[in-house]
Amino acid sequence: MSPRAGTAGPHTLAFVESPVQLLNVLEWAHAHALRDAGGGTGAGLTLVVLSPNDPMTRGQLRRMTELARDEGYQVRWEEARGGTTAPFHTIAGLAPMLRRASRVVMGDPFSRYVQLLLTITRANELVVVDDGTATMEFVSQLARGERLVRWHRKGGRPGPRDLLFAPVSSKARHRLTPGGDRHVEVFSSMPIEETPDGVTVTANDFAWTRARFGPPRITKGSDLVGTSLVETGVVDGDRYLQAVGTLARAHGATRYFAHRRESSDKLHRLVQETGLEVVRPDLPLELIARRGPIGRTILSFPSTVVHTLPLALAGTEVKVAVCDIDPTWLTENASPRAQGFLSGVTGTARDVHRLSAVSVVRTA
(Lines give C-alpha, C1' and ligand atoms only; values in the text may rest on other atoms or scores of the structure.)
Protein backbone atom coordinates (compact mmCIF):
# COMPACT_ATOMS: atom_id res chain seq x y z
CA MET A 1 0.00 0.00 0.00
CA SER A 2 1.19 3.48 -0.77
CA PRO A 3 2.19 5.34 2.41
CA ARG A 4 -0.06 8.18 1.29
CA ALA A 5 -3.11 5.97 0.79
CA GLY A 6 -4.39 5.60 4.34
CA THR A 7 -6.49 8.75 4.25
CA ALA A 8 -8.84 9.86 1.55
CA GLY A 9 -8.17 13.55 1.86
CA PRO A 10 -10.87 16.12 1.17
CA HIS A 11 -10.89 15.87 -2.62
CA THR A 12 -10.54 12.52 -4.35
CA LEU A 13 -12.25 12.18 -7.74
CA ALA A 14 -12.74 8.87 -9.54
CA PHE A 15 -13.76 8.79 -13.21
CA VAL A 16 -15.36 5.60 -14.54
CA GLU A 17 -16.94 4.69 -17.86
CA SER A 18 -17.77 1.02 -17.31
CA PRO A 19 -19.19 -1.21 -14.55
CA VAL A 20 -15.88 -3.07 -14.13
CA GLN A 21 -14.02 0.21 -13.64
CA LEU A 22 -16.51 1.22 -10.95
CA LEU A 23 -16.14 -2.18 -9.26
CA ASN A 24 -12.38 -1.77 -9.18
CA VAL A 25 -12.64 1.73 -7.69
CA LEU A 26 -14.70 0.17 -4.88
CA GLU A 27 -12.00 -2.50 -4.46
CA TRP A 28 -9.30 0.19 -4.40
CA ALA A 29 -11.16 2.22 -1.77
CA HIS A 30 -11.68 -0.91 0.33
CA ALA A 31 -8.02 -1.94 0.05
CA HIS A 32 -6.90 1.54 1.08
CA ALA A 33 -9.45 1.80 3.90
CA LEU A 34 -10.76 5.24 2.98
CA ARG A 35 -12.37 6.58 6.13
CA ASP A 36 -13.34 9.92 7.58
CA ALA A 37 -12.15 11.29 10.91
CA GLY A 38 -15.05 9.59 12.70
CA GLY A 39 -14.21 6.17 11.26
CA GLY A 40 -16.98 6.10 8.65
CA THR A 41 -16.39 4.90 5.13
CA GLY A 42 -16.92 6.92 2.00
CA ALA A 43 -15.47 10.24 3.08
CA GLY A 44 -13.61 12.31 0.56
CA LEU A 45 -14.29 10.17 -2.52
CA THR A 46 -16.63 11.26 -5.30
CA LEU A 47 -17.34 8.83 -8.13
CA VAL A 48 -18.01 10.53 -11.46
CA VAL A 49 -19.73 8.28 -14.01
CA LEU A 50 -19.02 9.38 -17.59
CA SER A 51 -22.03 7.53 -18.91
CA PRO A 52 -21.84 5.79 -22.30
CA ASN A 53 -24.82 5.39 -24.64
CA ASP A 54 -24.95 1.58 -24.69
CA PRO A 55 -28.12 0.51 -22.80
CA MET A 56 -26.63 -2.63 -21.23
CA THR A 57 -23.58 -0.76 -19.95
CA ARG A 58 -25.78 2.02 -18.58
CA GLY A 59 -27.95 -0.54 -16.79
CA GLN A 60 -24.96 -2.20 -15.13
CA LEU A 61 -23.55 1.19 -14.18
CA ARG A 62 -26.85 2.17 -12.54
CA ARG A 63 -26.72 -1.00 -10.43
CA MET A 64 -23.09 -0.37 -9.53
CA THR A 65 -23.81 3.21 -8.45
CA GLU A 66 -26.40 1.81 -6.02
CA LEU A 67 -23.72 -0.37 -4.46
CA ALA A 68 -21.33 2.61 -4.31
CA ARG A 69 -23.93 4.74 -2.52
CA ASP A 70 -24.60 1.86 -0.11
CA GLU A 71 -20.90 2.00 0.76
CA GLY A 72 -21.23 5.71 1.58
CA TYR A 73 -19.58 7.22 -1.51
CA GLN A 74 -20.90 10.21 -3.39
CA VAL A 75 -21.84 9.52 -7.02
CA ARG A 76 -22.18 12.08 -9.79
CA TRP A 77 -23.80 10.79 -12.99
CA GLU A 78 -22.79 12.69 -16.14
CA GLU A 79 -24.59 12.30 -19.47
CA ALA A 80 -21.20 12.74 -21.03
CA ARG A 81 -22.20 11.55 -24.49
CA GLY A 82 -25.73 12.88 -24.76
CA GLY A 83 -25.23 14.93 -27.94
CA THR A 84 -22.55 16.98 -29.65
CA THR A 85 -22.41 19.63 -26.91
CA ALA A 86 -22.50 17.18 -23.99
CA PRO A 87 -18.69 16.81 -23.66
CA PHE A 88 -18.25 20.59 -23.43
CA HIS A 89 -20.93 20.89 -20.71
CA THR A 90 -19.49 17.92 -18.83
CA ILE A 91 -15.91 19.19 -18.85
CA ALA A 92 -16.97 22.72 -17.91
CA GLY A 93 -19.00 21.37 -15.00
CA LEU A 94 -16.18 19.15 -13.75
CA ALA A 95 -13.34 21.65 -14.16
CA PRO A 96 -13.70 23.31 -10.70
CA MET A 97 -13.73 19.89 -8.98
CA LEU A 98 -10.74 18.75 -11.03
CA ARG A 99 -8.70 21.79 -10.06
CA ARG A 100 -9.44 21.25 -6.35
CA ALA A 101 -8.81 17.49 -6.36
CA SER A 102 -5.69 16.25 -4.64
CA ARG A 103 -6.07 12.74 -6.07
CA VAL A 104 -7.62 11.50 -9.31
CA VAL A 105 -8.58 7.86 -9.83
CA MET A 106 -9.34 6.61 -13.36
CA GLY A 107 -10.34 3.35 -14.95
CA ASP A 108 -9.28 3.91 -18.56
CA PRO A 109 -6.17 5.96 -19.32
CA PHE A 110 -6.72 5.22 -23.05
CA SER A 111 -10.05 7.09 -22.98
CA ARG A 112 -9.92 10.40 -24.81
CA TYR A 113 -12.39 11.77 -22.29
CA VAL A 114 -10.11 10.86 -19.39
CA GLN A 115 -7.02 12.13 -21.20
CA LEU A 116 -8.71 15.48 -21.73
CA LEU A 117 -9.66 15.66 -18.05
CA LEU A 118 -6.06 14.91 -17.09
CA THR A 119 -4.93 18.09 -18.83
CA ILE A 120 -7.11 20.09 -16.44
CA THR A 121 -6.37 18.52 -13.07
CA ARG A 122 -3.62 19.73 -10.77
CA ALA A 123 -3.71 16.58 -8.64
CA ASN A 124 -0.29 15.23 -7.70
CA GLU A 125 -1.63 11.73 -6.95
CA LEU A 126 -2.97 9.70 -9.87
CA VAL A 127 -4.37 6.19 -9.60
CA VAL A 128 -5.17 3.82 -12.46
CA VAL A 129 -7.50 0.93 -11.60
CA ASP A 130 -8.13 -2.03 -13.87
CA ASP A 131 -10.08 -1.65 -17.08
CA GLY A 132 -9.52 -5.30 -17.91
CA THR A 133 -6.55 -6.62 -19.82
CA ALA A 134 -5.92 -3.14 -21.27
CA THR A 135 -4.14 -2.32 -18.01
CA MET A 136 -1.32 -4.70 -18.96
CA GLU A 137 -0.81 -2.83 -22.21
CA PHE A 138 -1.04 0.60 -20.54
CA VAL A 139 1.72 -0.21 -18.05
CA SER A 140 3.96 -1.67 -20.76
CA GLN A 141 3.49 1.37 -23.01
CA LEU A 142 4.17 3.75 -20.12
CA ALA A 143 7.34 1.83 -19.22
CA ARG A 144 8.58 2.02 -22.83
CA GLY A 145 7.59 5.66 -23.30
CA GLU A 146 5.22 4.82 -26.16
CA ARG A 147 2.06 6.67 -27.13
CA LEU A 148 -1.08 5.29 -25.52
CA VAL A 149 -2.89 3.04 -28.03
CA ARG A 150 -5.32 0.21 -27.26
CA TRP A 151 -3.82 -3.20 -28.02
CA HIS A 152 -6.37 -4.21 -30.69
CA ARG A 153 -5.65 -0.99 -32.62
CA LYS A 154 -1.89 -1.10 -32.33
CA GLY A 155 -0.09 -1.53 -35.66
CA GLY A 156 -2.65 0.45 -37.65
CA ARG A 157 -2.05 3.90 -39.08
CA PRO A 158 -3.30 6.83 -36.96
CA GLY A 159 -6.45 8.42 -38.37
CA PRO A 160 -7.19 12.14 -38.66
CA ARG A 161 -8.84 12.21 -35.24
CA ASP A 162 -5.81 10.47 -33.70
CA LEU A 163 -3.49 13.09 -35.15
CA LEU A 164 -5.72 15.93 -34.01
CA PHE A 165 -5.86 14.52 -30.47
CA ALA A 166 -2.15 13.67 -30.31
CA PRO A 167 -1.10 16.75 -28.26
CA VAL A 168 -3.74 15.98 -25.60
CA SER A 169 -2.73 12.30 -25.48
CA SER A 170 0.93 13.27 -25.15
CA LYS A 171 0.19 15.61 -22.27
CA ALA A 172 -1.92 12.95 -20.55
CA ARG A 173 0.90 10.43 -20.86
CA HIS A 174 3.25 13.00 -19.28
CA ARG A 175 0.80 13.51 -16.41
CA LEU A 176 0.74 9.73 -15.87
CA THR A 177 4.53 9.58 -15.64
CA PRO A 178 5.83 9.93 -12.06
CA GLY A 179 8.21 12.77 -11.37
CA GLY A 180 8.85 15.47 -8.80
CA ASP A 181 5.91 15.53 -6.40
CA ARG A 182 3.66 13.60 -8.83
CA HIS A 183 2.87 10.05 -7.68
CA VAL A 184 1.26 7.32 -9.78
CA GLU A 185 -0.31 4.09 -8.52
CA VAL A 186 -1.62 1.16 -10.57
CA PHE A 187 -4.19 -0.95 -8.71
CA SER A 188 -4.51 -4.20 -10.62
CA SER A 189 -5.32 -7.90 -10.57
CA MET A 190 -3.46 -8.27 -13.87
CA PRO A 191 0.13 -9.56 -14.11
CA ILE A 192 2.39 -6.51 -14.41
CA GLU A 193 5.69 -7.49 -16.01
CA GLU A 194 7.14 -4.06 -16.85
CA THR A 195 6.79 -1.55 -14.04
CA PRO A 196 7.70 2.03 -14.95
CA ASP A 197 10.17 3.75 -12.64
CA GLY A 198 8.41 5.41 -9.75
CA VAL A 199 5.03 3.71 -10.29
CA THR A 200 3.52 1.97 -7.26
CA VAL A 201 1.74 -1.29 -8.14
CA THR A 202 -0.86 -2.50 -5.64
CA ALA A 203 -2.49 -5.93 -6.02
CA ASN A 204 -6.27 -6.14 -6.29
CA ASP A 205 -7.39 -9.42 -4.70
CA PHE A 206 -11.15 -8.64 -4.78
CA ALA A 207 -11.37 -8.58 -1.00
CA TRP A 208 -14.41 -6.25 -1.08
CA THR A 209 -16.29 -8.55 -3.46
CA ARG A 210 -15.59 -11.62 -1.32
CA ALA A 211 -16.59 -9.81 1.87
CA ARG A 212 -19.76 -8.33 0.35
CA PHE A 213 -21.14 -11.34 -1.58
CA GLY A 214 -21.34 -15.11 -1.33
CA PRO A 215 -20.16 -17.72 -1.02
CA PRO A 216 -22.19 -18.82 -4.05
CA ARG A 217 -24.32 -21.88 -4.59
CA ILE A 218 -22.47 -24.08 -7.09
CA THR A 219 -24.30 -26.10 -9.72
CA LYS A 220 -23.06 -29.35 -11.29
CA GLY A 221 -22.79 -28.03 -14.85
CA SER A 222 -20.58 -25.55 -16.70
CA ASP A 223 -21.11 -21.92 -17.67
CA LEU A 224 -19.49 -20.15 -20.63
CA VAL A 225 -18.34 -16.52 -20.59
CA GLY A 226 -18.75 -14.43 -23.74
CA THR A 227 -16.29 -12.01 -25.27
CA SER A 228 -16.46 -8.92 -27.50
CA LEU A 229 -13.52 -9.99 -29.69
CA VAL A 230 -15.89 -10.24 -32.67
CA GLU A 231 -17.27 -6.75 -32.05
CA THR A 232 -13.77 -5.25 -31.84
CA GLY A 233 -12.86 -6.81 -35.19
CA VAL A 234 -10.27 -9.25 -33.83
CA VAL A 235 -12.01 -12.62 -34.30
CA ASP A 236 -14.16 -13.85 -37.20
CA GLY A 237 -17.82 -14.11 -36.17
CA ASP A 238 -18.58 -17.47 -37.85
CA ARG A 239 -15.54 -19.15 -36.35
CA TYR A 240 -16.32 -17.73 -32.93
CA LEU A 241 -19.85 -19.15 -32.96
CA GLN A 242 -18.55 -22.54 -34.09
CA ALA A 243 -15.97 -22.51 -31.29
CA VAL A 244 -18.61 -21.63 -28.70
CA GLY A 245 -20.81 -24.51 -29.86
CA THR A 246 -17.94 -27.01 -29.83
CA LEU A 247 -16.76 -25.88 -26.40
CA ALA A 248 -20.26 -26.00 -24.93
CA ARG A 249 -20.89 -29.55 -26.21
CA ALA A 250 -17.52 -30.81 -24.99
CA HIS A 251 -18.00 -29.49 -21.45
CA GLY A 252 -21.76 -29.66 -21.03
CA ALA A 253 -22.28 -25.91 -20.76
CA THR A 254 -25.88 -24.68 -20.75
CA ARG A 255 -25.56 -20.95 -20.02
CA TYR A 256 -23.68 -18.23 -21.88
CA PHE A 257 -22.95 -15.03 -19.94
CA ALA A 258 -22.89 -12.31 -22.59
CA HIS A 259 -20.32 -9.55 -22.59
CA ARG A 260 -22.03 -6.17 -22.36
CA ARG A 261 -20.66 -5.17 -25.79
CA GLU A 262 -21.85 -8.26 -27.67
CA SER A 263 -24.34 -7.47 -30.42
CA SER A 264 -27.94 -8.68 -30.27
CA ASP A 265 -27.68 -10.19 -33.76
CA LYS A 266 -24.68 -12.31 -32.78
CA LEU A 267 -26.36 -13.48 -29.58
CA HIS A 268 -29.53 -14.37 -31.51
CA ARG A 269 -27.47 -16.53 -33.86
CA LEU A 270 -25.68 -18.07 -30.91
CA VAL A 271 -28.96 -19.22 -29.35
CA GLN A 272 -30.17 -20.68 -32.65
CA GLU A 273 -26.91 -22.47 -33.48
CA THR A 274 -25.79 -23.68 -30.05
CA GLY A 275 -28.94 -23.97 -27.94
CA LEU A 276 -27.26 -22.13 -25.08
CA GLU A 277 -29.28 -19.94 -22.75
CA VAL A 278 -27.95 -16.38 -23.09
CA VAL A 279 -27.75 -14.46 -19.81
CA ARG A 280 -27.23 -10.70 -19.89
CA PRO A 281 -25.78 -9.91 -16.44
CA ASP A 282 -26.95 -6.79 -14.62
CA LEU A 283 -23.63 -6.56 -12.74
CA PRO A 284 -20.00 -7.37 -13.55
CA LEU A 285 -19.43 -11.12 -13.80
CA GLU A 286 -17.21 -11.16 -10.71
CA LEU A 287 -20.23 -10.14 -8.62
CA ILE A 288 -22.65 -12.40 -10.50
CA ALA A 289 -20.39 -15.40 -9.96
CA ARG A 290 -19.81 -14.56 -6.31
CA ARG A 291 -23.55 -14.25 -5.66
CA GLY A 292 -24.35 -17.47 -7.57
CA PRO A 293 -25.69 -19.82 -8.58
CA ILE A 294 -22.69 -20.55 -10.78
CA GLY A 295 -21.40 -23.62 -12.61
CA ARG A 296 -18.70 -25.78 -11.12
CA THR A 297 -16.61 -24.97 -14.21
CA ILE A 298 -16.50 -21.56 -15.88
CA LEU A 299 -15.27 -21.64 -19.48
CA SER A 300 -13.77 -18.54 -21.05
CA PHE A 301 -11.74 -17.34 -24.00
CA PRO A 302 -8.75 -15.08 -23.24
CA SER A 303 -10.17 -12.10 -21.34
CA THR A 304 -10.03 -10.23 -18.07
CA VAL A 305 -12.13 -12.81 -16.21
CA VAL A 306 -9.43 -15.51 -16.41
CA HIS A 307 -7.48 -13.28 -14.01
CA THR A 308 -10.30 -11.87 -11.89
CA LEU A 309 -12.68 -14.81 -11.39
CA PRO A 310 -10.14 -17.03 -9.57
CA LEU A 311 -9.61 -14.16 -7.12
CA ALA A 312 -13.30 -13.39 -6.66
CA LEU A 313 -14.09 -17.12 -6.23
CA ALA A 314 -11.13 -17.94 -3.99
CA GLY A 315 -12.10 -20.49 -1.36
CA THR A 316 -14.87 -22.04 -3.47
CA GLU A 317 -14.78 -25.22 -5.57
CA VAL A 318 -15.35 -23.38 -8.87
CA LYS A 319 -12.76 -24.07 -11.57
CA VAL A 320 -11.97 -21.53 -14.31
CA ALA A 321 -10.86 -22.93 -17.68
CA VAL A 322 -9.59 -20.84 -20.60
CA CYS A 323 -9.68 -21.83 -24.27
CA ASP A 324 -6.93 -20.46 -26.52
CA ILE A 325 -7.74 -18.44 -29.64
CA ASP A 326 -6.55 -20.25 -32.75
CA PRO A 327 -4.62 -17.90 -35.10
CA THR A 328 -6.92 -18.94 -37.97
CA TRP A 329 -9.87 -17.34 -36.15
CA LEU A 330 -8.38 -13.84 -36.47
CA THR A 331 -9.76 -11.47 -39.06
CA GLU A 332 -7.69 -9.91 -41.82
CA ASN A 333 -7.99 -6.55 -40.08
CA ALA A 334 -6.82 -7.79 -36.67
CA SER A 335 -3.84 -5.98 -35.19
CA PRO A 336 -0.48 -7.70 -35.80
CA ARG A 337 -0.14 -7.84 -32.02
CA ALA A 338 -3.48 -9.59 -31.42
CA GLN A 339 -2.33 -13.21 -31.25
CA GLY A 340 0.66 -12.46 -29.03
CA PHE A 341 -1.40 -10.32 -26.69
CA LEU A 342 -4.20 -12.89 -26.35
CA SER A 343 -1.68 -15.69 -25.76
CA GLY A 344 -0.09 -13.54 -23.07
CA VAL A 345 -3.45 -13.02 -21.37
CA THR A 346 -3.91 -16.79 -21.18
CA GLY A 347 -0.32 -17.69 -20.37
CA THR A 348 -0.03 -15.30 -17.43
CA ALA A 349 -3.33 -16.31 -15.81
CA ARG A 350 -2.97 -18.01 -12.44
CA ASP A 351 -5.15 -20.77 -10.99
CA VAL A 352 -6.87 -21.57 -14.31
CA HIS A 353 -7.03 -24.74 -16.38
CA ARG A 354 -5.76 -24.16 -19.92
CA LEU A 355 -7.66 -25.71 -22.83
CA SER A 356 -6.36 -26.07 -26.38
CA ALA A 357 -8.13 -24.11 -29.11
CA VAL A 358 -11.08 -26.06 -30.48
CA SER A 359 -11.15 -26.99 -34.17
CA VAL A 360 -13.57 -25.07 -36.39
CA VAL A 361 -14.08 -24.91 -40.15
CA ARG A 362 -14.56 -21.67 -42.06
CA THR A 363 -17.93 -21.56 -43.78
CA ALA A 364 -18.28 -20.30 -47.33
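This is a predicted model: local features need pLDDT of at least 70, side-chain atom pairs count only at pLDDT 80 or more; totals for chains, interfaces and linings use all residues.

Beyond its neighbours within four places in sequence, the residue contacts Arg173, Leu176, Thr177, Pro196 and Val199.

## Helix α12

Helix α5, spanning 134-144, is also among the elements that cover the buried residues of α12. Others include α11 (305-312), β12 (319-323) and β13 (353-355). Helix α12 itself comprises residues 338-347, and its buried positions are Ala338, Phe341, Leu342, Val345 and Thr346. Viewed down the axis of α12, these residues fall within an arc of 135°, so they line one face of the helix. An α-helix has 3.6 residues a turn, so residues three or four places apart point the same way.

## The six-stranded sheet

Strands β12 and β13 belong to an open sheet of six strands, ordered β10-β9-β8-β11-β12-β13 and paired in parallel. Its edges are formed by β10 (277-279) and β13, each of which pairs on one side only. On average, and with direction ignored, neighbouring strands of this sheet are turned by 30° against each other.

Arg255 has Glu277 of β10 as its bridge partner. Strands of a sheet pair through backbone hydrogen bonds, in either a parallel or an antiparallel sense.

In soluble globular proteins, nonpolar side chains tend to be buried together. The largest nonpolar core of this model has 40 residues, of which Leu22, Val25, Leu26, Leu47, Met64, Leu287 and Leu309 touch the most other members. Helix α1 (residues 19-31) supplies the largest share of this core, namely six residues. Apart from this core lies another, of 30 residues, which includes Leu13, Phe15, Ala80 and Val139.

Leaving aside neighbours within four places in sequence, its contacts are Leu23, Met64, Leu67, Trp208, Thr209 and Phe213.

## Salt bridges

The structure contains 17 salt bridges. Within helix α2 (residues 55-70), Glu66 and Arg63 lie three residues apart, about one turn of the helix. These two residues form a salt bridge in which the closest N and O atoms are 3.6 Å apart. Glu66 is partly exposed at 44% relative accessibility, and Arg63 is likewise partly exposed at 26%.

A further salt bridge joins the side chains of Asp282 and Arg291, at 3.8 Å from N to O. Asp282 counts as partly exposed at 31% relative accessibility, as does Arg291 at 36%. Which residues form a network of salt bridges? Arg63, Glu66, Asp282 and Arg291 are linked in this way.

Arg76 and Glu78 also form a salt bridge, with the closest N and O atoms 2.5 Å apart. Arg76 is partly exposed, with a relative accessible area of 29%, whereas Glu78 counts as buried at 12% relative accessibility.

How values were computed
Residues are numbered from 1 along each chain as its sequence is written. Side-chain values use heavy atoms; hydrogens and water are left out. Buried means under 20% relative accessible area, exposed over 50%, partly exposed in between (1.4 Å probe, protein chains only). Helices (H or I, at least four residues) and strands (E, at least two) are DSSP runs, numbered from the N terminus. The arc is that of the directions from the helix axis to the C-beta atoms. Contact means heavy atoms within 4.5 Å. Two strands pair if DSSP finds at least two bridges between them. Axes are lines fitted to C-alpha atoms, for helices over the stretch in contact, and angles run from 0 to 180 degrees between N-to-C directions. A nonpolar core is a set of buried Ala, Val, Leu, Ile, Met, Phe, Trp, Tyr and Cys residues joined through side-chain atoms within 4.5 Å. A salt bridge is a side-chain nitrogen of Lys or Arg within 4 Å of a carboxyl oxygen of Asp or Glu.
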